[in-house]
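The sequence and the model are shown first, and the description follows.

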Amino acid sequence: MTKNYDLAREAFADWGVDTEAAMQALAAVPISVHCWQGDDVGGFEHKSGLSGGGIQATGNHPGRARNPEELRADLEFAFAQIPGKHRVNLHACYLDTAEQPDRDQIEYRHFAPWVEWAGENGLGLDFNPTFFAHAKADDNLTLSHPDQGIRDFWIEHGRRCREIAARMGRELGSAVVNNIWVPDGSKDTPVDRMAARRRLETSLDAMFAETFPKSELIDAVESKLFGIGVESMTVGSHEFYLGYAIRKGTALCLDMGHFHPTESVADKLSAVALSVQDILLHVSRPVRWDSDHVVLLNDDLLAMAQELVFAGLLPRTHIGLDFFDATISRTAAWVIGVRNMQKALLRAFLLPQARLKALEEGLDFTARLVLTEETKDLPFAAVWAEHCARAGVPAGQALLGGLQTYQGAVSGRG
Ligand SMILES: C[C@H](O)[C@H](O)[C@@H](O)C(=O)CO
Ligand SMILES: [Mn+2]
């Protein structure tokens, strides 16, 4: 235990906050790390790496993972820089097989090496059907396409993904969150929004027809405001999926980049939590649009973490990351993003929650403001450094050397 931590522990104790309990609480929160940051949303289907579907990774930093082995090595390195045990969020286009099944032909065996690796490394898995970067998604319409044949193709893809995800959950003994995001929308003003939304609803119902135990599979649906090429209408808007999740009992995915820039996604948590049991978060950072920048320890993230902790939502919130930056080291992007999420949570655990809530309850907004501002001077960094030291991972400037060495080692990849 360092002198810095000793002093910090006393400083927090002075506010009635137990730093040991805060570190323990943080250690119990897994973060689902998105595989697609490792290769710019390319996937391993032996075809072009264009994202499509209104999303776009930009940049050409050396070191992009070219196959599942490289991606797993990169993830292992990243996890060695992050305290705690976490999860990996796979997209269906990241299958690991020499075969070339189309999306409506994928099976569990195409992903079995990922499950074996996850088991060996004590990691959980999450999953996503891939409804983009495919000829049958070129109209930016999938589950809501007017053509029944195209809808059926994507329903079959989604159905198989649920089977695969449930099997993964069964094998690993940890429920897999299977998140549905479709790019469907319209570049220009549509004249029949209702028909598109009815088709999406009917397709989702067909995809969700089979039931699985919640111990294996948690279905989630992800809304969006707009994407490149679908600026005028997104079929799966927030209202659409909020209603769907409430009626059908699925989890609701809130992506921090999928709302108007002035909306607070943190504010939505307690509101949707009254009607929806499970929440999936895609922690991201929009810059002017859904740009998927690496998350910073900024006000948005701090507010999100504080809401999760203060509203008691962590037990039913699945925290996943969703960004992809190809202008910097991809492994560093993961490490920075996960650690920032953890730092934000730790700060929330270290706040004098009961005291602040009592002031609010008593309408003493002056004292609430004084104390929320004064807590900002508390020595959070010393507790984070102690947490990292106990987990055997670097903190502060020491983090940079390892990140640079690894980046140097992978930068020769073609
Ligand atoms: C690759 C993911 O499925 C994707 O980022 C989705 O979650 C999303 O947020 C699309 O904008
Ligand atoms: Mn997302």
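Contact here means heavy atoms within 4.5 Å. Helices (H or I, at least four residues) and strands (E, at least two) are DSSP runs, numbered from the N terminus. The model is predicted: local features need pLDDT of at least 70 and side-chain atom pairs count only at pLDDT 80 or more, while totals for chains, interfaces and linings use all residues. Residues are numbered from 1 along each chain as its sequence is written, chains are lettered from A and ligands numbered from 1 in the order in which they are written, and side-chain values use heavy atoms, with hydrogens and water left out.

In H4, the residues Trp114, Val115, Trp117 and Ala118 are buried (under 20% relative accessible area, with exposed meaning over 50% and partly exposed in between, for a 1.4 Å probe and protein chains only). The exposed residues Glu116 and Glu120 are carried on the face of H4 turned away from its buried side. Just after H4, Gly122 has a positive phi of about 65°.

**Two helix pairs**

Two packed helices are described by the angle between their axes and the distance between the axes. Axes are lines fitted to C-alpha atoms, for helices over the stretch in contact, and angles run from 0 to 180 degrees between N-to-C directions.

| Helix pair | Crossing angle | Axis distance |
|---|---|---|
| H4 (112-120) and H5 (148-172) | roughly 30° | within 10 Å |
| H2 (19-27) and H10 (330-349) | about 140° | 9 Å |

The angle in the table makes H4 roughly parallel to H5, whereas H2 is oblique to H10. Angles under 35 degrees count as roughly parallel, over 145 as roughly antiparallel, 65 to 115 as roughly perpendicular and the rest as oblique.

Val115, Ala118 and Gly119 of H4 meet Met168, Glu171 and Leu172 of H5. The residues of this contact comprise four nonpolar, one polar and one charged. Between H2 and H10, Ala22, Met23, Ala25 and Leu26 of H2 meet Gln342, Leu345, Leu346 and Phe349 of H10. By class, this contact has seven nonpolar, one polar and no charged residues. Ala, Val, Leu, Ile, Met, Phe, Trp, Tyr, Cys and Pro count as nonpolar, Asp, Glu, Lys and Arg as charged, and the others, Gly among them, as polar.

Thr19 also belongs to H2 and is buried, with a relative accessible area of 0%. Leaving aside neighbours within four places in sequence, Thr19 is in contact with Tyr5, Ala8, Arg9, Phe12, Leu350 and Val383.

**Helix H8**

The buried residues of H8 (265-273) are Val265, Ala266, Lys268, Leu269, Val272 and Ala273. Seen down the axis of H8, they fall within an arc of 150° and so line one face of the helix. Their packing partners are helix H7 (238-248), strand S8 (251-255), strand S9 (279-283) and helix H9 (299-310).

**Positive phi in a loop**

Most residues other than glycine have a negative phi. Asp40, which is not a glycine, has a positive phi of about 65°, and Val41, also not a glycine, has a positive phi of about 60°. Asp40 is placed in the loop between strand S1 (31-34) and H3, and Val41 is in the loop between S1 and H3. Asp40 counts as buried at 13% relative accessibility, and Val41 is buried with a relative accessible area of 3%.

Technical notes:
Arc of directions from axis to C-beta.
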